[in-house]
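Please have the sequence and the model at hand while reading.

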Amino acid sequence: MQLASDGFASLVGALQSALDPSRVRSTPIENVLYGRDALGSAGGSAGVVCFPLTTEEVQECVRIAGRYGHPVIPRGSGTGLSGGAVPVPDEGLAPVVIVTTKMNRVIEVDEDERIAWVQPGVLNLDLSRKVAHLGLHFAPDPSSQQACTIGGNVANNSGGPHCLSYGVTSSHVLAVEVVAPDGSVLVLGGLDPEPVGYDLRAAFVGSEGTMGIATRIAVRLTPLPPAVKTVLLGFPTLDSAANTVSRIIATGYVPAAMELMDQRITEAVEEFVHAGLPVDAAAILLVEVDGTEAAVEEAARVVAEIAHDESAISSQIAQDEATRAIWWKARKSAFGALARIAPNYYLHDGVVPRTRLTETLRSVCDIADSFDVTVVNVAHAGDGNLHPIIPYDGRDQDQNERVHEAGNKIAQLCVANGGALSGEHGIGLEKRDLMGVLFGDDDLVEQDRLRLVFDPERIMNPHKVLPEGSRCSEVAQLLARAGKAWA
Ligand SMILES: Cc1cc2nc3c(=O)[nH]c(=O)nc-3n(C[C@H](O)[C@H](O)[C@H](O)COP(=O)(O)OP(=O)(O)OC[C@H]3O[C@@H](n4cnc5c(N)ncnc54)[C@H](O)[C@@H]3O)c2cc1C
């Protein structure tokens, strides 16, 4: 990688002239620190790390990187779980990582229209806290919401427990100001309820940093519900918990959230959070219903009835906000609690139709057994989004291989059962080479054409999302003619 060359020194010098030099970093420690995200197993190396404050500074960074031909990696907090923000050197050229965490201002809140303009580095939970006094919140609530940025949420089209009824990030983004790979500024979408023309906002949301850098985002704010009931259910088997989810959804009633944890992860979380979870249950469900008082009463009754029918062994309703908060803290601490089981974990994100939840969870356990690895299950079960997690010791090469082979099988299982590779974490580096399991060559080519419209020079987050396996494509031929490799 070009780190010590004159060209690299001159790139760093140009960036330092554009930004305050203290906000352009290229020491070995930063290379390592910003060389990873929360996926953990994929590591790159950040050539130079920039911390812009404004759209203009982002433009400068992108233009300078482009002039020197270096790849650009947009980055928020680095909590991504698919390696999306991992800087991969391109043709030996050190990546320029553009971190948005200092662009953390809520620019404007329009209480009447329920819209906020924010910079991309605003943390998800900070926005909800900021507008809570208006009776509003930002509905997408990834479990990482204390740490992840809204720019990262937009790039990954993130979900969260309450996206079951409120919808994922895409439903809450009206417009995005983007610094394009050539350094120009575009505004995609608009504040009108029905913006005219092609919906490029929709193409950008979920594009994982491959089409440009979001520098301002207009988000919808959602009223806080008038009433909420949170129910904690314990089940004798994983099957009975999964069946309960399918049956609740089949009634046509959609709870605000419906989260599943199996016994192993419940025990690990309980030791850590002390939330009073039923650790004797083979699986638990945390179900939240919201709406008017009357609707909430009725929904809670339906949930309790189905759970009882599925032989639930315990059922509790949170009697106060403190109990509700600690149950949610328990659920949102699930990944962190895994450190109690093993030093590393490999987390999956497949999604399946809710009618196939039970059989898929059974097959996940069978796959784990066949590779002699342990699996724990957490799921945004209401929308069929599974998070089977394999705790392991990354220092053991043999375990490493078995864990990753089991992971590939689990991803393929979700697709075979009518689902998809990712429910919310994105494709990134992690699932890039599995895209061919879900899409044919023609589909991949069309996706790449769209990407090329935004990034004809292929400098924006190369090596992510699309597999290298589509080299036979027309796009690859065009690239070959232009003397560029498939990225
Ligand atoms: C404990 C834990 C729990 C989690 N729970 C959930 C969950 O419930 N639901 C969920 O969906 N995810 C979850 N995640 C994953 C992660 O938090 C989300 O994907 C989050 O949106 C990433 O935000 P970030 O700021 O950390 O982005 P990063 O990890 O820094 O980047 C993620 C991707 O976005 C791109 N990007 C970042 N900022 C911009 C920008 N301004 N413009 C263009 N591209 C950009 C990057 O290039 C990268 O491809 C969890 C992660 C952890 C560690």
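The model is predicted. Its protein chain is assigned four stretches: domain 1 (6-99), domain 2 (106-223), domain 3 (227-416) and domain 4 (439-481).

**Placement and contact**

- The centres of domain 1 and domain 2, taken over C-alpha atoms, lie 23 Å apart.
- To the contact between them, domain 1 contributes 13 residues and domain 2 contributes 19 residues.

**Buried area**

- Between domain 1 and domain 2, about 1,100 Å² is buried, and carbon and sulfur atoms give 61% of this area.
- On the side of domain 1, Thr55, Val62 and Pro74 supply 35% of the area buried against domain 2, which is more than any other three residues supply.

**Polar interactions**

- No salt bridges are counted between domain 1 and domain 2.
- Five residue pairs, with both residues at pLDDT 80 or more, are in polar contact across the interface of domain 1 and domain 2.

**Composition of the domain 1 side**

- Helix α3 (55-68) and strand β3 (72-75) each provide at least two residues of the side of domain 1 that touches domain 2.
- The largest share of that side comes from α3, with five residues.
- Sorted by class, the side of domain 1 that touches domain 2 holds six nonpolar, six polar and one charged residues.

Technical notes: Residues are numbered from 1 along each chain as its sequence is written. This is a predicted model: local features need pLDDT of at least 70, side-chain atom pairs count only at pLDDT 80 or more; totals for chains, interfaces and linings use all residues. Side-chain values use heavy atoms; hydrogens and water are left out. Domain bounds come from an automatic or database domain assignment. Contact means heavy atoms within 4.5 Å. Buried area is the accessible area (1.4 Å probe) that two parts lose on being put together, summed over both. A salt bridge is a side-chain nitrogen of Lys or Arg within 4 Å of a carboxyl oxygen of Asp or Glu. A polar contact is a pair of N or O atoms within 3.5 Å; within protein, one must be able to donate a hydrogen and the other to accept it, and residues adjacent in sequence count only if both atoms are side-chain atoms. Helices (H or I, at least four residues) and strands (E, at least two) are DSSP runs, numbered from the N terminus. Ala, Val, Leu, Ile, Met, Phe, Trp, Tyr, Cys and Pro count as nonpolar, Asp, Glu, Lys and Arg as charged, and the others, Gly among them, as polar.
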